[in-house]
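User: Please take a close look at one topic for me: the pairing of charged side chains. I would enjoy one connected walk through it, with the surroundings of each partner included.

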Amino acid sequence: MKKKFRWTIRNRMLFAFIAFIIFALVFYLIFEERRTKLGKQNNIFSKVIIPSYDYLKEYYNLINYSVLITKNIVAYTEINKDVSNNKELLYLSKLNNDVIPSVEDTLVKLSNSWNDTLHGKLVSIINITHKLLQKESNIISKIGNSPDSTLLADLKNQIFDNEDIDIIANNTLRKINAIKTVFVKQRANGVKTITGVIAGTKKIIVILIIFVLFAVLVTSYYTYRSIIVPIKRLSAIIEDMSVGRYPDKNVKAPNDEVGDMIIALNKLVINLKQTAKFAIAVGEKDFDRIDFKPLSEEDELGKAIVRMKENLKKAEEEEMLRKEEEKQRRWISEGLAKFAELLRQNNDDLVKLADNIVFELVHYVGAEMGALYLYKDDDKENPVLELISAYAYDRKKYINKTIILGEGLVGTCALEKEKIYLTDIPEDYVNIQSGLGEAKPRSVLLVPLKLNEEIYGVMELASFEELPWYKIEFIEKVSESIAATLYAVNMNEKTKTLLEQSQQLTEELTTQGEEMRQNMEELEATQEEMEHQKTEMERILKAIRKAVLYAEFDNNGILRNVSKRLISLLGLKDDNVISYSLKDFVDEDYFEILERVQMGNVVEKEITINDIDFVYTFSPVMDDNGELKKIIAIAERKS
């Protein structure tokens, strides 16, 4: 099907562009024709007429000037015979030989563009000029040879009286003026032609400007009606939309690009209204009321609205989850506070405390059965877990049960010190391991009661429902408090036992103290008697030392003390007694006697002093460690 033609803005602009191109082309052709004509005339005027006139004028002036200088030189020579210092002579030579020939060459070149008549006249003028210049040259050469009065008179006659040079010069200048007159007329005609072309061009430009202004006005009015007015209406609608006002009806659209914009705007209004309804529903947290989808993959607003819905929905769910978690945390905190108060009560009666713990814990977590096993290590080699409290279906169960550490789930929980949570319960589990009755629970939780990695028991709970995470977390936390309480109760019992033993020991120590006091009194009396005897003994020893031959050596056999009688008998001096040793008394048997005495033996030795025979007894004195402290030697006269 053939596409229907639309008078769109693009087509309008294309039409205006083509019209503008045609107009510009016509304008260019007219202007180019005028410019070519004007350029051609201007080229003749500027390159032929004006230069030809100017150079003819200059040529005229140079010839006239040359004749004038020649006359001046002749007049000057008549007055002043010396012409060597006449500068006009040099200038005339340069003028006739350089300047005038240069101008003639230029005029010859320009004459190539003249007509044949003018060209012939110029050649004739140049020939006449050459004759004139030759005459002037002859006159100047005669003056340069130091002319006499006769010659000067003749030259003066040629120039001033016969006027030969003036006749030739005037004839030349008249012909030059005739040619100049021709170029003056041509210049005037050229200026007139150029002025006419310019005036015609101005008229054409004015007409074209008027036409362009008319076209612009028509185009502006049409553009205003077909583009500006719809765009203003479109702008007003968009401005209303910017403050949240939407048109009730679709705007009528023309059959052009502005119409396409209005159609797109109508679609946008519909979509924004739909988006607004969806946003209201999302704001009311009714996320499923409107099934909103982005218009396309590039619909950033639509995708943003959908993301907002998803984020708000997610935030709502997270808020509900947070509230639920907050509720669960509050439940945990309230439970911990409740059991903290419970554990402060009846902590002097372990059984009653265990009953309260199991009963309250079963009810608080919504379990059906519960049991508390206490860790017993009376037999260090074989510790066990003893069931001290059990509840099922709101009734206390009187069950006597002892589990070896590592036996079953309870023993394993205590041994590994880790919680055990079961949801897949075997058919025979309760009968074999839990000891909580005949009913089969859906979930079983065993939590070790430990404090600082020390085990104090196991808490077992069973429920017909699976326990949520926060209840398991609560049971684990409260188990730590229970373990701490059990530890405190055990410590109280041990402290009580130790206190009773301490009281019994105190009574025994009191009895023993009385006996010890009496013994101390007797011991003090004995010590006083021993001190008295020691004093008496020292007096006796002192008297013996004076009365007998007595000597005292250290553990190396060096003499340290000796009685006066022995000093006198040996003839020793008091000031060098310490220089003597056991060797001076028993020279031959010194090492044998010293060795035996050091071994703790009493040694007797006969010694003759001043022809008197004595029997020396060497007795060792030991310290508390059994080491030889000193040697005492007592001598008595042999009978």
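This is a predicted model: local features need pLDDT of at least 70, side-chain atom pairs count only at pLDDT 80 or more; totals for chains, interfaces and linings use all residues.

The protein chain has 639 residues, of which 32% count as buried, and it contains 14 helices and 12 strands. Its accessible surface comes to about 41,100 Å², with 54% of that belonging to carbon and sulfur atoms. Among contacts with a separation of 6 or more, 57% are between residues 24 or more positions apart.

Now to the charges. Side chains of opposite charge can pair when their charged atoms come close. With a side-chain nitrogen of Lys or Arg required to be within 4 Å of a carboxyl oxygen of Asp or Glu, the count comes to 9 salt bridges. Let me take you through three of them.

Let's begin with the one at Lys-419. Its side chain meets that of Glu-476 in a salt bridge, at 3.7 Å from N to O. Lys-419 lies in the loop between helix 9 and strand 5, while Glu-476 belongs to helix 11 (residues 469-547), so this pair ties together parts that are 57 residues apart in sequence.

Lys-417 sits in the loop between helix 9 (408-416) and strand 5 (420-422). Although Lys-417 is not a glycine, it has a positive phi of about 60°. Lys-417 is partly exposed, with a relative accessible area of 24%.

The next pair is Glu-465 with Arg-442, whose side chains meet in a salt bridge at 3.7 Å, N to O. This pair links distant parts of the chain, 23 residues apart: Glu-465 is in the loop between strand 7 and helix 11, and Arg-442 is in the loop between helix 10 (429-434) and strand 6. Glu-465 is exposed at 51% relative accessible area, whereas Arg-442 is partly exposed at 44%. In the loop between strand 6 (443-451) and strand 7 (454-463) you will find Glu-453, which has a positive phi of about 65° despite not being a glycine.

Glu-319 forms a salt bridge with Arg-322, and the closest N and O atoms are 2.5 Å apart. Both residues are in helix 7 (residues 300-343), and since they are 3 residues apart, about one helical turn separates them. Glu-319 is partly exposed at 30% relative accessible area, and Arg-322 is partly exposed at 39%.

Asp-378, Asp-379, Glu-381 and Glu-386 form a negative surface patch. Which strand holds Glu-386? Its place is in strand 2 (residues 384-392). The relative accessible area of Glu-386 is 33%, so it is partly exposed. Patch members must have over 30% relative accessible area and no salt bridge, and Glu-386 clears the accessibility limit because its value is 33%.

Key: Residues are numbered from 1 along each chain as its sequence is written. Side-chain values use heavy atoms; hydrogens and water are left out. Patches are made of residues with over 30% relative accessible area and no salt bridge: like charges are joined within 9 Å, nonpolar side chains (Val, Leu, Ile, Met, Phe, Trp, Tyr) within 5 Å. Accessible areas come from the Shrake-Rupley method with a 1.4 Å probe; for residues, only the protein chains shown count as cover. Lys and Arg count as positive and Asp and Glu as negative; His and the chain ends are not counted. The place of a charge is taken as NZ of Lys, CZ of Arg, CG of Asp or CD of Glu. Helices (H or I, at least four residues) and strands (E, at least two) are DSSP runs, numbered from the N terminus. Buried means under 20% relative accessible area, exposed over 50%, partly exposed in between (1.4 Å probe, protein chains only). Contact means heavy atoms within 4.5 Å.
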